[in-house]
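This note sets out, point by point, what can be read from the structure shown here. Please keep the sequence and the 3D view at hand while working through the points.

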Amino acid sequence: MTPSDPTPPRRAYWQGLRDGGPFILIVGPFGLVFGIVATEAGLNVLQTMAFSIAVIAGAAQLAAIQLMVDDAPTLIVLITALAVNLRMAMYSASLVPHLGAAPLWQRALIAYLMVDQAYATSFLRYERDPGLSVRAKVAYYFGVITLVAPVWYLGTLAGALLGEAIPASIPIGAAVPIAFLALIGPMLRTLAQVAAVLVSVLGTLALGFMPYNTGLLVAALAAMATGAAVEVWTARRRPQVRA
Amino acid sequence: MSLSQSTIWLIIALLALGTFGLRFSFLGLIGNRPLPEWLLRLLRYTPVAVIPGLMAPQVFRLNAATGWPDPALLGAVVATLAVGLWRRNAIWAMLAGALTLALLTALR
């Protein structure tokens with residue numbers, strides 16, 4: 001270990017586990033809801049588990065099940081659910097500067113486990129601590145996801161097995177925005193980040209008419225451009241701030 | 001649902017492949033090649049550009065009866081963001097938001 005690498009991977013892993021662990025409070029119930037919804041829709045336990053283990057993306061899975069219940073064409077089910085997941089490609093791009101140097105098998109595993117909470121928690125840590133080595137960054141990411149992914153599988157299994165034994169009206173739906181927006185507050189440090197949030201929200205609401213959730217992507221690209229532009233603008237106004 | 005067993009499995013398999021493809025895309029294909037500075041600057045705003053927009057339609061969904069968004073959810077979102085800003089910690093933010101949501105829902 002060199003002085004420029006103050007956080008060894010092992011410690012980074014435990015920090016990730018500590019920072020990501022509490023997300024099981026939301027991921028567990030969310031998995032439970034998916035398990036109940038999927039089995040009530042007519043999927044057997046094996047199919048429900050395959051869904052959660054192979055796709056591991058709750059919002060897209062719920063969107064797919066809803067359309068399958070409505071007997072939508074298979075192509076529409078696929079397009080809609082994958083559109084919900086298009087944001088993952090943006091996450092993937094933003095992780096390149098941090099994790100691009102990791103071995104291919106690690107990048108593949110990171111990609112498989114790329115859920116919003118793990119991504120955002122890790123990204124925040126990488127931005128806060130640019131001195132982290134690639135190995136420490138990878139270890140941190142795996143620490144964050146260590147409890148989240150298994151609890152997602154187990155939540156789904158419990159929902160699929162218990163099914164109607166659980167009251168159908170678990171008020172998890174309303175709590176989902178809380179779990180996502182909790183990731184955002186800690187990230188807001190500059191005017192540029194606040195501007196990006198505003199453009200993201202107003203843009204998505206204004207573009208709600210666009211099909212397959214594509215309004216979100218347009219709004220997100222506009223929000224990224226806004227953040228970058230405001231960053232450049234504020235740096236020009238206060239040149240001494242720029243190191 | 002009137003889908004056949006094979007169609008259900010086909011949907012699961014294609015969704016799994018497609019989702020992995022999206023997640024692996026840039027991280028897998030670009031790897032260690034350097035990115036231009038302007039692109040890095042854009043990418044730094046990815047989480048704050050995506051996640052608020054992802055949740056906005058649900059947060060601001062108008063109640064059919066009142067014609068307004070759900071005040072309990074709005075209050076909980078404000079608490080979540082405020083505690084997140086204050087404590088710089090997502091877990092405290094989530095707990096504050098959940099508690100506020102439960103309280104405001106109970107009071108309704």
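How far apart do the C-alpha centres of domain 1 of chain B and domain 2 of chain B lie?

1. **Domains of chain B.** The model under review is a predicted one. The C-alpha centres of the two domains of chain B are separated by 30 Å. Domain 1 covers residues 1–33, and domain 2 covers residues 45–107.

2. **Fold and dimensions of chain B.** Chain B contains five helices and zero strands, and its elements follow the order α-α-α-α-α from the N terminus. Its radius of gyration is 20 Å, whereas a compact globule of 108 residues would have a value near 13 Å. The C-alpha trace spans about 50 × 50 × 25 Å along its principal axes. Of the 108 residues in chain B, 42% are buried. Among contacts with a separation of 6 or more in this chain, 29% join residues 24 or more positions apart.

3. **Fold and dimensions of chain A.** Chain A has twelve helices and zero strands. For its 243 residues the globule rule gives 18 Å, and the radius of gyration is 20 Å, close to that value; chain A is therefore as compact as a globular protein of that length. Along the principal axes, its C-alpha trace spans about 60 × 45 × 30 Å. Buried residues account for 49% of the 243 in chain A. Of the contacts in chain A with a separation of 6 or more, 75% are between residues 24 or more positions apart.

4. **Helix H3 of chain B.** Helix H3(B) comprises the 14 residues 46–59. Among the buried residues are B:Val48, B:Ala49, B:Val50, B:Ile51, B:Pro52 and B:Gly53.

5. **Helix H12 of chain A.** Helix H12(A), residues 214–237, has 24 residues. From its first C-alpha to its last, the helix reaches 35 Å, close to the 34 Å expected at 1.5 Å a residue. Its buried residues include A:Leu216, A:Leu217, A:Ala220, A:Met224 and A:Glu231. What do the buried residues of H12(A) pack against? They pack against H6 (87–99) and H11 (191–206) of chain A, together with H2 and H3 of chain B.

6. **A:Ala220 and the nonpolar core.** A:Ala220, one of the buried residues of H12(A), touches residues of both chains: A:Arg87, A:Met90 and A:Ser200, as well as B:Ala49, B:Val50 and B:Gly53, leaving aside residues up to four places away in sequence. A:Ala220 also belongs to the largest nonpolar core, which has 111 residues. The residues with the most contacts inside this core are A:Ala64, A:Val148, A:Ile178, A:Leu181, A:Ala196, A:Ala220 and B:Met94. Helix H9 of chain A, residues 134–162, provides the largest share of the core, with 13 residues.

7. **Two positive phi angles.** A:Ile56 has a positive phi of about 45° although it is not a glycine, and its place is in the loop between H3 (45–54) and H4 (58–69) of chain A. Is A:Ile56 buried or exposed? A:Ile56 is buried, because 23 other C-beta atoms lie within 10 Å, and 20 or more are needed for that class. B:Arg88 likewise is not a glycine and has a positive phi, near 55°; B:Arg88 is found in the loop between H4 and H5 of chain B. With 16 other C-beta atoms within 10 Å, B:Arg88 is partly exposed.

Technical notes. Residues are numbered from 1 along each chain as its sequence is written. Chains are lettered from A and ligands numbered from 1 in the order in which they are written. This is a predicted model: local features need pLDDT of at least 70, side-chain atom pairs count only at pLDDT 80 or more; totals for chains, interfaces and linings use all residues. Helices (H or I, at least four residues) and strands (E, at least two) are DSSP runs, numbered from the N terminus. The expected span of a helix is 1.5 Å times one less than its number of residues. A residue is buried if 20 or more other C-beta atoms lie within 10 Å of its own, exposed if 12 or fewer, and partly exposed in between; C-beta atoms are placed from the backbone. Domain bounds come from an automatic or database domain assignment. The radius of gyration is taken over C-alpha atoms; the globule rule is 2.2 Å times the number of residues to the power 0.38. Two residues are in contact if their C-beta atoms, placed from the backbone, lie within 7 Å. A nonpolar core is a set of buried Ala, Val, Leu, Ile, Met, Phe, Trp, Tyr and Cys residues joined through C-beta atoms within 7 Å.
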